[in-house]
Amino acid sequence: MDDHTDQTRKPRADAVRNRERVLEAAKVVFNAGGPETSLEAVAKRAGVGIGTLYRHFPTREDLFEAVYRREVEQLSELAEQLKSAKDPVDALRRWLHSSVEFVATKKGMVAALALAVQSGSELQAFSFERLTKAIGSLLDRAVAAGAMRADISPEDLLRAFFGMCYMHDQPGWQSSVLRMLDVFVDGLRVQPAGKTKARAIRPAKSAVKRKR
């Protein structure tokens, strides 16, 4: 009986592994080549036959949607892991940095994802709910620690984040967005009063020196 159980479980485990390999390969391939990249290229990178790919994902749109959902789930899991980080502001920054890769993958699949969203709003609602909850948990922790201003909502953060990402379409846009995110997050920090005063009196000191 045990031998029979092992034999019946093995194909299921192989199927799960193959599906994960296809999803990971698709993420890389579509990120680099966009929506016109062939599914054969995805299967080759995953190390599976094209028939195996089609058994899991009958259409290109099915594959795109699965990759998208997987990315959203991974960002949700990352937010949970970062809740234990020592610096809550740095945890939020790290989550936003990781989300840039998610947007890069999404950009490569935008046409097919538009078709998926048009067929129903469930995918859109799924991603919005998960991402808002993820970034909200990190934002709340930073605000509670007195490290970040309290007059910004998770929705505000997401809008600003996606706005930065979609303003840039040139090659290498990720580096520009990562730099802008650092400036943005630092601007949301609650600055100690001492630092603010120090900045205010420096110009006066330099002005006195110039008069001499």
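Me: Is F161 buried or exposed?
Reply: F161 counts as buried, because its relative accessibility is 2% and the cut-off for buried is under 20%. Keep in mind that this is a predicted model.

Me: And F162, how does that one come out?
Reply: F162 is partly exposed, with a relative accessible area of 22%. That value falls between the limits, since buried means under 20% and exposed means over 50%.

Me: OK, zooming out. How many helices and strands does the protein have?
Reply: The protein has 10 helices and 0 strands. Read from the N terminus, the elements go α-α-α-α-α-α-α-α-α-α.

Me: What share of the residues is buried?
Reply: Of the 212 residues in the protein, 36% count as buried.

Me: What about the accessible surface, how much is there?
Reply: The accessible surface of the protein is about 12,600 Å², and 54% of that belongs to carbon and sulfur atoms.

Me: What part of the contacts comes from residues 24 or more positions apart?
Reply: Taking the contacts with a separation of 6 or more, 71% are between residues 24 or more positions apart.

Me: Back to rings. How many aromatic pairs are there?
Reply: The count is 2 aromatic pairs. One of them is formed by Y68 and F102, with 5.5 Å from centre to centre and 45° between the planes, and this pair is tilted.

Me: Where do Y68 and F102 sit?
Reply: Y68 is in helix α4 and F102 is in helix α5, so the pair ties together parts that are 34 residues apart in sequence. Y68 is buried, at a relative accessible area of 7%. F102 also counts as buried, at 2% relative accessibility.

Me: Which kind of pair do F161 and F162 make, and why?
Reply: The ring centres of F161 and F162 are 5.1 Å apart and the planes are at 65°, so the pair is edge-to-face. The label follows because planes over 60 degrees apart count as edge-to-face.

Me: Next, R70. Which helix is R70 in?
Reply: R70 is part of helix α4, which covers residues 60-82.

Me: It's an arginine, so is R70 buried or exposed?
Reply: R70 counts as buried, with 15% relative accessibility. The side chain of R70 has a polar contact of 3.1 Å with the side chain of E24.

Me: What else does R70 touch?
Reply: Leaving out residues up to four places away in sequence, R70 touches E20, L23 and E24.

Me: Moving to helix α5. Where is A91, and what does A91 touch?
Reply: A91 is found in helix α5, residues 88-108. Apart from residues up to four places away in sequence, A91 touches L82, A85, L138 and R141. A91 is buried, with a relative accessible area of 1%.

Me: How far is A91 from L78?
Reply: Their C-alpha atoms are separated by 9.7 Å, and the two residues are 13 residues apart along the chain.

Me: And S99, what does S99 touch?
Reply: S99 lies in helix α5 and touches L75 and F161, not counting residues up to four places away in sequence. A polar atom of the S99 side chain is 2.9 Å from the backbone oxygen of W95. S99 counts as buried, at 1% relative accessibility.

Me: How far apart are S99 and F162?
Reply: They are 63 residues apart in sequence and 9.5 Å apart in space, C-alpha to C-alpha.

Me: Last one. Which residues does the UniProt "DNA-binding region" annotation cover?
Reply: According to the unreviewed UniProt entry, that annotation covers residues 38-57. In the model, this span is 75% helix and 0% strand, and its end C-alpha atoms lie 14 Å apart.

Terms used. Residues are numbered from 1 along each chain as its sequence is written. This is a predicted model: local features need pLDDT of at least 70, side-chain atom pairs count only at pLDDT 80 or more; totals for chains, interfaces and linings use all residues. Side-chain values use heavy atoms; hydrogens and water are left out. Helices (H or I, at least four residues) and strands (E, at least two) are DSSP runs, numbered from the N terminus. Buried means under 20% relative accessible area, exposed over 50%, partly exposed in between (1.4 Å probe, protein chains only). A polar contact is a pair of N or O atoms within 3.5 Å; within protein, one must be able to donate a hydrogen and the other to accept it, and residues adjacent in sequence count only if both atoms are side-chain atoms. Contact means heavy atoms within 4.5 Å. Accessible areas come from the Shrake-Rupley method with a 1.4 Å probe; for residues, only the protein chains shown count as cover. Rings of Phe, Tyr and Trp (its six-membered ring) pair if their centres lie within 6.5 Å; planes under 30 degrees apart count as stacked, over 60 as edge-to-face and the rest as tilted. UniProt positions are given in the numbering used here, feature names are shortened, and annotations may be inferred rather than shown by experiment.
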